[in-house]
Amino acid sequence: MRTPPGAERSDVAPPSRPVLACTLLLVTGLLAACSGDAEGPSGTDWSPAAREIDGLTVLAESDGDGFRLHTGSGEKVFIPGVNLGSTIPLLQPGEVGKIPAEQFRTWLAGMGQLGVRAVRIYTLPPPGFYQELAAYNEQHRTAPIYLFQGAYLPDESYIEEGRTLYDQELDEAFGQELHDISDAVHGDLTREAAPGRAGGTYDTDVSEWLAGWIIGVEWDPAGVERTDEQHADAPYRPGEYFVASDDATPTERWIARHMDDLAGWEAARGSSAPLAMANWPTADPLSHPEEPRESEDLISIDAMHVLPTDAWPGGTFASFHLYPYYPDFQRYEPDIQDEQWNGRGDPYAGYVAELREHYAEEMPLLVTEFGVPSSLGTAHYGPLGRDQGAHTEQEAMGMVADMMRMLEAKGTGGGFVFIWEDEWFKRTWNTTVHQDPERRQLWHDPLTNEQWFGLVATDPDPVADAAAEVVDGENGFDYVYVWADASWVHIEVTRADGVPDRLAIEADVVPGPERADYRIDVDTQARTARLDVRRELDPIRLDTPERPYRPDQDDPWHLYSLITRGEFTFRGTDYPAEFQDVGNLVEGDWDPESPDFDSMSTWQVDEERRTVRLRIPWSMLGMADPSGKTALGEGTPAELVPIDGIDFRFDADGVSEELAFTWPAWNYTTYQARIKAGVDVVEDAFRDLAP
């Protein structure tokens, strides 16, 4: 289905269930608002029913008895939620203040339609978020969306050599950020916007729906280790609301002090909500002797060492970002392999169960990030096929729904899907050095899995004037057409005498004497297709520069692949590098409106129209930044090469045609937002677990 460049497009899949009656249609970069009633099933009431305890308003309590959200229909002990990112396509996360209120309105309406009961945000958004949250919840009194408010470190310089969390500038900046966010939640803040932070007048009080706080970051091992070594004798005074234990580390004491400060500001406003520190497996309190990477089991930050006093009735919880594919101890640790889920041993379930048990005496475990991405590329293989990418949308949604149900069954207090909408700015370790980091947000790379975790897809529209064609060409080519959007280069080849048995495509990308830098071979009879890269341009060399990086190192052409784990030696055993052969192209239908939609597909045959179609990621044609017309050159590190375009050569059963493809550089493009295929099973999980 050819779409001419610049044409309006609506890649919006129809709702798979009546409850998803809203249309997530993006117009010039903004989602149109959803309509319809997002109230829950009859007989349910999720309206807030806060209690007063010792003079404080307490909407939720969290302690050794679990997490309890007080609502009009009783205590809710499992909270299914979603994380909301701090940007939209084309913006960097530091441009959070540019997100308009209309965008938040649409996001919240979509969440309500899906049955989401809570949204977790990571930092202070612009005032429009709180305005729209209050407006939505006032309109849906019995089915509001509760808020889990986060606070990042505005200064993360503790990760740098010689710096620690106790550095005065960093310490004071975090304290001020916590104070500002507390004021904002209560509608009592005015501050100037600045690079990397939102500002404005915050005059909307959303504390009525504030169900929890999560402060901090995924703690850096080297920075934490340095903090603990350099500040072992740092003075500490127990707080009124949170106290670090005698065996707490300097990092834990630092976190406890900031948690106590935040609790004090909240208590002064008459409010107490569960307050937690962020954490992730790299800093968990458990021992992982089977973890092959020292940095993944180097430090421990334990919420059991930072506990609330009786003056803080909201309590605390263990907040963890837990993914099923990393770290690698999930593959090898024997004690977690046999935990049962869906009739089989499940190491992810085993790890969740171990963490929950560690904290059970004092607090519940809430998994505040989990999920898998629906990207073409992957960055790591995980147990039971839950890899960090290389999933169709339907597969990813099925895994998310299954993990949500598992988290509830294993006794956690909540599960928050990562993330609501795909994020273009994200990077991942096995593609980041292949890209221009300053312009990553301007295109949407199918190989960078971190960009594809959303429940909502952000499909780019065709780039204006990015097209070339040959009509009624020589040698039996009826039509050759190449066009592009911000993710893919689309190629269509139509022959007068039918679909060719073999189609070879060469792409000359960077200047030089070589005839081709990338080549594609399609065998329509065998139903196979592959993309190869010239050895000198193979990007894997950039990920492993100090050794031969693959078995076919010396071959002139390499199957395009991504490295998913480097080689290593652990306890005398050599573990080889692992790869994803993403150059083995997938045949299928990439139209989201088709019942046969396969988001992983990259080539197809249309027998009726005598056409072979392909869609190739810009990155698999060597582009470090298509928006700036910059290609990845030779060398290590790679030279970034400005180019005019790509010269294509087509050979169909021995007959040739050529086409020069150029496009304008862009700083702006439009995109269409749509709920991903297969999301109905996620909706079912939300509604079954939070009726």
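1. Start with helix α8 (residues 393-409): its 17 residues should span 24 Å at 1.5 Å a residue, and the end C-alpha atoms do sit 24 Å apart, which agrees. The expected span is 1.5 Å times one less than the number of residues. Helices here are DSSP runs of H or I, at least four residues, and strands are runs of E, at least two, numbered from the N terminus.

2. A caveat: this is a predicted model, with local features needing pLDDT of at least 70 and side-chain atom pairs pLDDT 80 or more, while totals for chains, interfaces and linings use all residues. Residues are numbered from 1 along each chain as its sequence is written, and side-chain values use heavy atoms, leaving out hydrogens and water.

3. Back to α8: its buried residues (under 20% relative accessible area, 1.4 Å probe, protein chains only) include E393, D402 and M406. G411 follows the helix, with a positive phi near 90°.

4. Now a sheet: six strands form an open, antiparallel arrangement in the order β29-β28-β27-β26-β39-β40. β29 (557-559) and β40 (655-662) are at the edges with a single partner strand each, so one side of each has no neighbour in the sheet. Pairing requires at least two DSSP bridges between two strands.

5. Within that sheet, β26 (residues 502-508) and β27 (residues 518-523) pair in the antiparallel sense over six bridges. E506 stands opposite R519 in β27.

6. Overall, the protein chain has 10 helices and 41 strands. Its C-alpha trace spans about 85 × 60 × 55 Å along the principal axes, and buried residues make up 62% of the 691 residues.

Methods:
Buried < 20%, exposed > 50% of the residue type's maximum accessible area, 1.4 Å probe, protein only.
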